[in-house]
Structures are given as structure tokens and as C-alpha cells.
Amino acid sequence: MRPHHGKVALFTGKNKPLALAEYPVAAPLAGQALLKLTCSGICGTDVHIHEGFLGMPEMPLVIGHEFSGTVEQMGSTPMRDGLGTTLAAGDPVIACVAMPCGQCFNCKRGETASCLAFGVTYVKDAGEAPHFHGGLGEYLYSPAANLVRVPDGVDPLAAAAFPCGGPTIIRAFAYGGGLEAGELVVIQGNGALGLFALAWAKRQGATVVVVGSEANPERTALMRALEPDSFLNYRTTPPETVRKTVADLAARLGRGDGADVVIETSGNPQAFPEGLALVRTRGRYLVPGQYSNRGPVAIEPQLVTFKALRIIGAAQYQLADIGTYLDFLRDHADLQPLFRSAIKCYPIEAVNEALADASRGVAIKAAICCHMHT
Ligand SMILES: [Zn+2]
Ligand SMILES: [Zn+2]
């Protein structure tokens, strides 16, 4: 009898269609878990890799780093996830691809999201056993230390909506000194990062203005359901009007001369100079969204000086941020059906369509869904 096999989608080079391949599914090694993947989101990063904006070694790769699944088999027992929770077969988990070194200056300070020698679990030749290194496949082998169990009370498919965007925003706010109830927050962009930032800031008691697009009706509907206090379409609202709206709102709320926090999630370099103009004097500008080099923009550095701005970058996240993300969903159960509605499922055979839809912004969160009913 042919051994049990599973499918993966292989990335073999810039702008080439992903190719399906099948590999045998074997027992995991000690310290590893074999996951049956249920939902693998396609991230902006995957689109950037596919379009050649993020260099990757030349070998067939299983890309994709936003996966959730269930534990199929454990390479050793007992097994704990990266946050210390005991795992059992059948448990729903989210896997994280990041492998901070633990030794560098930043890791030693506990800032593992900013490791100076970051590794990832999935940049490995797919021809090498155990083959299932990344998210765009039916199975995944992951070190147990990279898993976080989805807590009881959280729909794993709701958690699968923003398993990367959510922790990324949580890390940006953590680096930026948190958020207080009553603060005025402006979110630039309403993609995955922006939508999560909206949910997060509203539930911390902030007043939230979103400056985004209405190009995708489903995304607009989800944004409205998350109840921003104000929405401004950046395509139809002149920058001066955006500034005046934010300044007027800040004055009305007694928050000074602008937003307490502006968070850039659009990835559009042009959003940066506009964001600088929206932050109040002594406010924070969080910039977790500029994920590829799309060229320079002109800024007025004197704004940073005269407004005594705090500009805070954040890339990646750390394992504990995934735990915070899942706890947030557990504590705000009403968000779960909304998050779940963000996912548009594609079978793995339609992976190229999913990638194209993610690139064009057709889906809020395009995802490869396998093993949904087994
Ligand atoms: Zn991602
Ligand atoms: Zn490190």
C-alpha cells in the first residue's frame, strides 16, 4: 500500500505559479508535532515573496506562515506548547514560524520580536524530509516550542483570521507603551492589520478614526461592524480635510492638538508623512505596516522636533503576543463570528487564485482550508 501522502504548494521563483506536490507523511521527530492544517492564511508577506520584493533562497519552498491546525501526532510525550500548556492529540493550535536566537542583545533583553539573528522554520528545501515546512500545505511539522494552543472558548477559525496581523499589532502597541481608555487613535489602512487594530483599540476604550479604502465591500462591511467612531476614505478625502477632522475631534475630546496614537498599517509609504501630521504634540506614531521597500517619501523632520513626537517601529511579534491575541478573542467572544467572516476559503488546488485574490485585495483574508470536515 502507498504510504499516506499530503499536498503542498511550492514556491519556485518570483511570479511563477505555485506548483502542487505530494510528499509522504511520516511520524514526527522528538520535540516536534505533526499538525493537520485546517486554515492557512495568505499574508501580505507571502504576496511580497511571490512578487519578488522579499528575497528568498533559490529552492522549492512551502511558504505561508499563518497557519492553524490540530495536533495529529506528537514526536514525544508529554509535550508542551511554547507558552507551557500541555498538548494532546486533537488540540487546536496556532503555529509561529519565528525562531529568535535567544542569544543576541535584543533577545537577552526579552525583545525576541526584534532578534538580530532571526530564523524561521519554513525556509527549507521542500525536497528535504519532512517536507511540510510551511503553511501552504495539508500538514505541517513544527517544533512544539513554536505552537500555541487555542484556548477553550475560542473558535479556531476565528483565531485563524489574524494570527499574524493580530500579534503584530499587539507588539506595536506593546513597544509603543500600550493604550489608555479615552485616547484618540487614528488607524491608517483597513486591511488585516488595520481591522485588527480597530478591534483592539475599540475594546481598550479608545476613540478610533480609520483612514482607509472602500474598494472591497466585504472589508468595508467588516470594518463598519467593528464600529469605528469615524471613517474617512483616503481616496476621496483630501489630506487637509483628514487633518482638520482629526484635529477637531481631538479638541472636542480634550486630547490636545491631534491623535494620541496614529498607527500605520497600510504599507503605503505616502501614508507616513500624512501620519506624522495627525499625531498630537508628544503623541506616538506606531509604524508596523511598512513591510516592503516601496521607495522613499519626503517628510518634514521639523514636525518630529517641534511636536516632540515618538515614532515607534515594530516588526514581527513574539510567542506571548499570540497568547495575548487568543486571550483577547476569548474575552471578546462577540468578535469571533466577525473575525471568522473575514476568511475566504480556497482548496489547495486553487492556491494561485487565492494568492492573486490576496494580492488584489479581493479577499479580506484569503486562506487555504484543508481538513475542514474531517
Ligand atoms: Zn503574516
Ligand atoms: Zn536574538
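**Figure 1. Packing of helices α4 and α5 in the predicted model.** Helix α4 (residues 165-175) packs against helix α5 (residues 192-203) at an angle of about 60°, and their axes lie 9 Å apart. Axes are lines fitted to C-alpha atoms, for helices over the stretch in contact, and angles run from 0 to 180 degrees between N-to-C directions. Helices (H or I, at least four residues) and strands (E, at least two) are DSSP runs, numbered from the N terminus. The two helices α4 and α5 are therefore oblique to each other; angles under 35 degrees count as roughly parallel, over 145 as roughly antiparallel, 65 to 115 as roughly perpendicular and the rest as oblique. Gly165, Gly166, Thr168 and Ile169 of α4 meet Ala192, Leu193, Phe196, Ala197 and Trp200 of α5, where contact requires C-beta atoms, placed from the backbone, to lie within 7 Å. By class, the residues of this contact comprise 6 nonpolar, 3 polar and no charged (Ala, Val, Leu, Ile, Met, Phe, Trp, Tyr, Cys and Pro count as nonpolar, Asp, Glu, Lys and Arg as charged, and the others, Gly among them, as polar). Residues are numbered from 1 along each chain as its sequence is written, with chains lettered from A and ligands numbered from 1 in the order in which they are written. The model is predicted: local features need pLDDT of at least 70, side-chain atom pairs count only at pLDDT 80 or more, and totals for chains, interfaces and linings use all residues.

**Figure 2. Contact of helix α4 with helix α10.** The axes of α4 and α10 come within 8 Å and cross at roughly 105°, which makes α4 roughly perpendicular to α10. Gly166, Pro167, Ile170 and Arg171 represent α4 in this contact, and Asp321, Ile322, Thr324 and Tyr325 represent α10. These residues divide into 4 nonpolar, 2 polar and 2 charged.

**Figure 3. The boundary between domain 1 and domain 2.** Domain 1 spans 5-163 + 317-369 and domain 2 spans 166-313, with bounds that come from an automatic or database domain assignment. Taken over C-alpha atoms, the domain centres are separated by 28 Å. In the interface, 23 residues of domain 1 are in contact with 19 residues of domain 2. On the side of domain 1 that touches domain 2, α1 (44-50), α10 (319-331) and α11 (335-340) each supply at least two residues, and α10 gives the most, with 4 residues. That side of domain 1 has 13 nonpolar, 8 polar and 2 charged residues.

**Figure 4. An open parallel sheet of 6 strands.** The strand order is β14-β13-β12-β15-β16-β17; two strands pair if DSSP finds at least two bridges between them. The edges are β14 (230-233) and β17 (310-313), each with a single partner strand, so one side of each is left without a neighbour in the sheet. Neighbouring strands are turned by 15° against each other on average, direction ignored. Strand β16 (residues 279-287) is joined to β17 by 4 bridges, and Arg284 has Arg310 in β17 as its bridge partner. Helix α8 (residues 271-278) lies across β12 (184-188), β15 (259-264) and β16, running at about 170° to β15.

Note on methods: Two residues are in contact if their C-beta atoms, placed from the backbone, lie within 7 Å.
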